[in-house]
Amino acid sequence: MLREYNQHTNKWQLPRNVVNFPLSKIVSIIQEINPQLKDIANLSLNMTVSQITDFHAEYFFTWVLGTTNIKQLVIELDTNDIKRANIFKRKEILHILRKLK
């Protein structure tokens with residue numbers, strides 16, 4: 001989902017600083033591709049610890065499920081990113097994921 005075309009290399013690539021994308025950037029991308037999502041039942045989002053623990057995250061997930069025709073939202077997290085997070089962030093991630101269930 002988060003790819004941009006590089007005209008110099010003629011290849012699709014991840015945007016720069018993708019790990020630091022604010023949720024608002026993901027919202028704008030989902031709004032842009034939403035018409036193509038109408039026949040897709042599952043959506044997977046690769047997220048960072050900072051994105052999932054953002055204070056807007058709960059609203060973001062509610063918005064994604066309410067705006068799209070998605071039946072199942074899969075959140076993918078990098079285990080190394082979780083390991084680098086402090087204990088408070090880890091507990092916050094668990095709390096958020098339990099709410100999403």
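Predicted model: local features only at pLDDT ≥ 70, side-chain atom pairs only at ≥ 80, totals over all residues.
Local features need pLDDT of at least 70 and side-chain atom pairs count only at pLDDT 80 or more, while totals for chains, interfaces and linings use all residues. Residues are numbered from 1 along each chain as its sequence is written, and side-chain values use heavy atoms, with hydrogens and water left out.

Start with helices H1 (residues 23-33) and H3; helices (H or I, at least four residues) and strands (E, at least two) are DSSP runs, numbered from the N terminus. The axes of H1 and H3 come within 11 Å and cross at roughly 5 degrees, an axis being a line fitted to C-alpha atoms over the stretch in contact, with angles from 0 to 180 degrees between N-to-C directions. The two helices are therefore roughly parallel (an angle under 35 degrees). In H1, Leu23, Ile26, Val27, Ile30 and Gln31 meet Ala57, Phe60, Trp63 and Val64 of H3 (heavy atoms within 4.5 Å).

H3 also takes part in the one salt bridge of the structure (a side-chain nitrogen of Lys or Arg within 4 Å of a carboxyl oxygen of Asp or Glu). Lys99 pairs with Glu58, the closest N and O atoms being 2.9 Å apart. Lys99 lies in helix H5 (residues 87-100) and Glu58 in H3 (residues 57-67), so the bridge ties together parts 41 residues apart in sequence. Glu58 counts as partly exposed, at 47% relative accessibility (buried is under 20%, exposed over 50%, partly exposed in between, with a 1.4 Å probe and protein chains only).

Finally, Thr48 sits in the loop between strand S3 (42-47) and helix H2 (49-52). Thr48 counts as buried, at 13% relative accessibility.

Note on methods: Parallel < 35°, antiparallel > 145°, perpendicular 65-115°, else oblique.
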